[in-house]
Amino acid sequence: MANATTSATAPQDPGRAYAKQLRWAGELRFLAFFLAILAYALLGMHKRAASFAEATTSVFYLQLLLCWIPLWTVCALAYLPASLYRYYLDRKFQMANSGPKPWLRDLLKANALGCAFSGAIIGIAFASNTLIPSYGWILAGLLTSCLYMAINRSLPWILSLFYPVVPLNNKALQDRLTRLAAKARFPVGTIYEWRISERTRGANALVTGIGSARRILLTDTLISGLSEDELEAIVAHELGHCVLHHIRAKLLLQCLIFVAIFCAINFAVRHDLVCFTDNNRGWQDLTLLPGFFLYWNFAYIYGNMILSSLSRKHERAADLYSWTLIGRASPFIAAMRKLTALNLLVFDKSSEWKYMHPPTADRIAAAEEFAKAHGELLTVPEVSIPIT
């Protein structure tokens with residue numbers, strides 16, 4: 001997120017240290033996933049799960065479910081050290097406010113949702129390629145895109161499983177943001193307050209949903225930490241994504257990526273190139289599951305790199321839209337600096353390929369150039385990142 005004045009010494013640069021260690025946590029998580037899949041298959045657990053499922057029911061999709069649950073359980077247990085390390089980092093850098101019990105509840109909920117969504121993707125893949133052997137990969141890509149659209153549309157409900165999400169009760173702020181959306185000629189529905197302060201000091205804002213289900217969500221940490229001018233600049237940025245059709249473009253690219261992923265996996269299945277399968281039974285082979293899940297995750301990570309490149313371009317365009325819509329850049333600059341102090345995430349140009357956003361230092365520099373070009377006098381105070 002945003003950049004801020006920090007010391008050059010490591011103890012006074014917690015944002016970069018936090019970002020670096022978060023990347024380590026992500027790499028540890030993926031390594032644990034890979035080793036879990038490898039152990040699951042090499043120990044023959046997928047074959048035993050397939051034999052048990054076939055002995056339990058003759059319905060193929062129930063068999064698939066019975067094979068999926070133990071595989072996900074093994075992966076979830078493998079993720080646990082990385083999840084604990086992430087929690088340790090959040091506590092170390094004073095990002096987490098909650099104790100172990102709320103964290104564990106949230107982890108269990110997240111794993112349940114992950115199991116359901118990943119299981120849905122597996123069901124889509126197997127059903128599509130079984131029903132339409134020649135072009136099932138196209139149907140699988142389209143249906144998975146629809147699943148992601150449904151998740152986006154229901155995001156306020158999903159978030160409410162973890163945090164209270166309530167209509168914004170600040171009438172003055174609500175009216176101001178409604179007028180801003182009207183000025184952008186992009187009306188939105190309910191504006192929500194997303195109450196996360198009991199769990200974290202991090203802050204965020206987003207516009208989610210499509211059509212009549214479009215909603216603005218603001219975290220309570222954002223509302224309490226930023227002025228109304230700064231909140232307006234952040235919401236203007238989020239509205240920019242909608243007005244400039246970024247959501248539509250990302251969904252289209254995501255759909256193409258999904259179709260390409262399923263095309264590649266279907267090719268591997270047809271030519272018996274999927275790991276850990278002994279019988280070449282195609283999409284009717286239950287032992288295909290761990291190999292499919294491994295290939296899917298590899299492809300999804302690389303596909304996200306393509307999506308991230310587009311996302312960074314969209315972020316720059318939405319920044320410019322925000323400055324143009326509200327007529328000045330100084331509230332945006334101040335907001336970015338405060339968000340760095342709240343979210344404690346600093347990275348530079350060499351690392352931006354790993355993120356959906358450009359380095360905030362670059363975004364602030366671009367905002368300052370915009371202000372200079374339009375004769376705006378900048379009097380934005382510096383914000384220090386808290387030292388841990």
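## Basis of the values

Because the model is predicted, local features need pLDDT of at least 70 and side-chain atom pairs count only at pLDDT 80 or more, whereas totals for chains, interfaces and linings use all residues. Residues are numbered from 1 along each chain as its sequence is written, and side-chain values use heavy atoms, with hydrogens and water left out.

## Salt bridges

Side chains of opposite charge can pair when their charged atoms come close. The structure holds 17 salt bridges, a salt bridge being a side-chain nitrogen of Lys or Arg within 4 Å of a carboxyl oxygen of Asp or Glu. One of them pairs Arg281 with Glu54, with 3.9 Å between the closest N and O atoms. This pair links distant parts of the chain, 227 residues apart, since Arg281 sits in the loop between α10 (246-270) and α11 (289-326) and Glu54 in helix α2 (residues 45-56); helices (H or I, at least four residues) and strands (E, at least two) are DSSP runs, numbered from the N terminus. Arg281 is partly exposed at a relative accessible area of 41%, and Glu54 is partly exposed at 39%, where buried means under 20% relative accessible area, exposed over 50% and partly exposed in between (1.4 Å probe, protein chains only).

Another salt bridge joins Arg176 to Glu228, the closest N and O atoms being 3.4 Å apart. Arg176 lies in helix α7 (residues 171-183) and Glu228 in helix α9 (residues 228-243), so this pair ties together parts that are 52 residues apart in sequence. Arg176 counts as buried at 18% relative accessibility, while Glu228, at 32%, counts as partly exposed. A further salt bridge is formed by Glu193 and Arg195, with closest N and O atoms 3.7 Å apart; Glu193 is buried at 12%, and Arg195 is partly exposed at 33%. Through shared partners, salt bridges also join Arg176, Glu228, Asp229, Glu232 and Arg328 into one network.

## The cavity

The structure holds 1 cavity of 30 Å³ or more, a cavity being a set of points on a 1 Å grid over the protein atoms alone where a 1.4 Å probe fits but cannot get out, with lining residues having an atom within 4 Å of a point. The largest cavity has a volume of about 60 Å³, a volume being the space filled by probe spheres set on the grid points, which are joined across faces, edges and corners.

Its lining includes Ala268, Val269, Asp272 and Leu273, and also Arg281, the residue that forms a salt bridge with Glu54. By class, the lining of the largest cavity has 5 nonpolar, 4 polar and 3 charged residues, where Ala, Val, Leu, Ile, Met, Phe, Trp, Tyr, Cys and Pro count as nonpolar, Asp, Glu, Lys and Arg as charged, and the others, Gly among them, as polar.

## Glu230

Glu230 lies in helix α9 and counts as buried at 8% relative accessibility. The side chain of Glu230 makes a polar contact with that of Lys338 at 2.9 Å (a pair of N or O atoms within 3.5 Å; within protein, one must be able to donate a hydrogen and the other to accept it, and residues adjacent in sequence count only if both atoms are side-chain atoms). Apart from neighbours within four places in sequence, Glu230 is in contact (heavy atoms within 4.5 Å) with Pro331, Ala334, Ala335 and Lys338.

## Positive phi angles

Most residues other than glycine have a negative phi. Gln94, in the loop between α3 (60-92) and α4 (100-131), has a positive phi of about 60 degrees and is partly exposed at 42% relative accessibility. Arg185, in the loop between α7 and β2 (191-194), has a positive phi near 55 degrees and counts as exposed at 76%.

Notes
On a 1 Å grid over the protein atoms alone, a cavity is a set of points where a 1.4 Å probe fits but cannot get out, and a pocket is an open set with protein on both sides within 12 Å along at least five of seven lines; lining residues have an atom within 4 Å of a point.
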